Amino acid sequence: MTLAEWCVFGALLLYLTTIASIKWIRFRGFDNSRPRDPAFYEDAIAQRALGAHQNGIETFPFFAFAVLLAEFRDSPQRLIDELAVLFLIVRVAYVLTYLGNRPTLRSILWSIGFAINLGIFLMPMLKRFLP
């Protein structure tokens, strides 16, 4: 597996651990028979963790598809790997700013992550201009 493919797996783990950590920390208040109970997410940090988790679910398909498309279309693997690692770093920072209630920085990081994703996605079209 390539480094970029491991980053896809890392992005999956990131959005899963975002919500799993809150459920683990607040274990006594979590009812597994009602996992989407709104009362569990009334606390501000739980709401932000849920938001970060949901955003991870929303961004994951595009990232995974972009990486696989770039690899299948024989784009420069090193550049795909570097951008995928950068995307994962930005996503970790995004989750931390989401949990830390820093909305402006969070939006900036989301935009950077989207631009990285777009770069990976468009790489096959631009590969003749790349090293």
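User: How do I read the placement of tryptophan 110 and phenylalanine 114 in helix 4?

Analyst: Helices are DSSP runs of H or I, at least four residues, numbered from the N terminus. Tryptophan 110 and phenylalanine 114 both sit in helix 4, four residues apart, about one turn of the helix. This is a predicted model: local features need pLDDT of at least 70, side-chain atom pairs pLDDT 80 or more, while totals for chains, interfaces and linings use all residues. Residues are numbered from 1 along each chain as its sequence is written, and side-chain values use heavy atoms, without hydrogens and water.

User: What describes a pair of aromatic rings?

Analyst: The distance of the centres and the angle of the planes. Rings of Phe, Tyr and Trp (its six-membered ring) pair if their centres lie within 6.5 Å; planes under 30 degrees apart are stacked, over 60 edge-to-face, the rest tilted. The count here is eight aromatic pairs. Phenylalanine 62 and phenylalanine 114 form a tilted pair, 5.9 Å centre to centre, with 40° between the planes. Phenylalanine 62 lies in helix 2 (residues 44-72) and phenylalanine 114 in helix 4, so the pair ties together parts 52 residues apart in sequence. Tryptophan 110 and phenylalanine 114 are stacked, at 5.5 Å and 5°. Ring pairs link Phe62, Phe65, Trp110, Phe114 and Phe121 into a cluster.

Definitions and conventions:
Helix = DSSP H or I, 4+ residues; strand = E, 2+ residues; numbered from the N terminus.
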